[in-house]
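Opened the notebook to go through this one piece by piece. Here is what I looked up, in the order I got to it.

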Amino acid sequence: MASGWKLIRWIGDPIPWDDPAVQRAAANGTLSLRLAAWFRYFSIHQCNQLVPGRMEKRIGPESGFSQSYVFGPHEYRVWMTDADAALLLGNEWERWQFLDVTDAPESARRPAMGKRDWQSLQASFAKLTDGRRLKPEYR
């Protein structure tokens, strides 16, 4: 596609227990019980995992985008305008579920998440309404 477009892939939320750093910390006993409890809660109650071939995500003008886009159920890469991609990737919650793969179209894995990434994700999801709010004992 011509410039002015980004190839965006829907990959779902990060799964804490799939992260090698989290796995190492758990194995070494350096993962706090509080953080382990939050990862468990997030994995069960908040994490939106993508099931290829079975899930579809639609976004469009009703959410502030210039046009409609459909991710899935068979193709999870979509060309978006630069402005719409910036809106999506700048969203506090949706940004975790999407990758800009313009320069690496076959890329399906998110870059490794660092401690600050996990802290930012935790802070963002703590703001959500009761349906996806973290129980007080996990804060």
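**Salt bridges**

I started with R58, which counts as exposed because its relative accessibility is 58% and the cut-off for exposed is over 50%. Its side chain meets that of E56 in a salt bridge, at 2.8 Å from N to O. E56 comes out as partly exposed, with a relative accessible area of 39%.

Next I took E94, which forms a salt bridge with K57. The closest N and O atoms of that pair are 3.5 Å apart. I checked where the two sit: E94 is in the loop between helix 3 (82-89) and strand 5, while K57 belongs to strand 2 (residues 57-59). They are 37 residues apart, so I noted the pair as a link between distant parts of the chain. Is K57 buried or exposed? K57 is buried, because its relative accessible area is 18% and buried means under 20%. E94 is partly exposed at 24%.

Then I looked at R77 and E75, whose side chains meet in a salt bridge at 2.9 Å, N to O. R77 is partly exposed, with a relative accessible area of 22%, and E75 is also partly exposed, at 37%. Salt bridges with shared partners join E75, R77 and E106 into one network. Searching the whole structure gave me five salt bridges.

The mean pLDDT is 86, and 91% of the residues reach 70 or more. Which stretch has a pLDDT below 50? I found that for residues 131-139. In the model this stretch still has 21 contacts beyond near neighbours in sequence. Where pLDDT is low, the predicted coordinates should not be read in detail, and I left it there.

**Strands**

I followed strand 1 (residues 5-10) to its partners. With strand 4 (residues 77-81) it pairs in the antiparallel sense, over five bridges. I picked out L7, whose bridge partner in strand 4 is W79. Strand 1 also pairs with strand 5 (residues 98-100), again antiparallel, over three bridges. Here W10 has F98 as its bridge partner.

**Cores**

Which residues touch the most other members of the largest nonpolar core? I get L31, F39, F42, W118, L121 and F125, out of 14 residues in that core. Helix 1 (20-28), helix 2 (33-46) and helix 4 (115-126) each supply at least two of its residues. Helix 2 gives the most, with four.

I then listed the contacts of L31, leaving aside neighbours within four places in sequence: W17, V22, A25, A26, A36 and F39. There is a second, separate core of twelve residues, and I8, W10, I59 and A85 are among them. That puts W10, the bridge partner of F98, in this second core. For the background, I wrote down that nonpolar side chains tend to be buried together in soluble globular proteins.

**Ends of helix 1**

Last stop was helix 1. What caps its N-terminal end? D19 does, with a side-chain oxygen 2.7 Å from the backbone nitrogen of A21. Just after the helix, I found G29 with a positive phi of about 75 degrees.

Key:
Residues numbered from 1 in each chain as written. Predicted model: local features only at pLDDT ≥ 70, side-chain atom pairs only at ≥ 80, totals over all residues. Heavy atoms only, no water. Pairing = 2+ DSSP bridges. Core = buried A, V, L, I, M, F, W, Y, C linked by side-chain atoms within 4.5 Å. Buried < 20%, exposed > 50% of the residue type's maximum accessible area, 1.4 Å probe, protein only. Contact = heavy atoms within 4.5 Å. Polar contact = N/O pair within 3.5 Å; in protein donor to acceptor, adjacent residues only side chain to side chain. pLDDT = per-residue confidence, 0-100. Salt bridge = Lys/Arg side-chain N within 4 Å of Asp/Glu carboxyl O.
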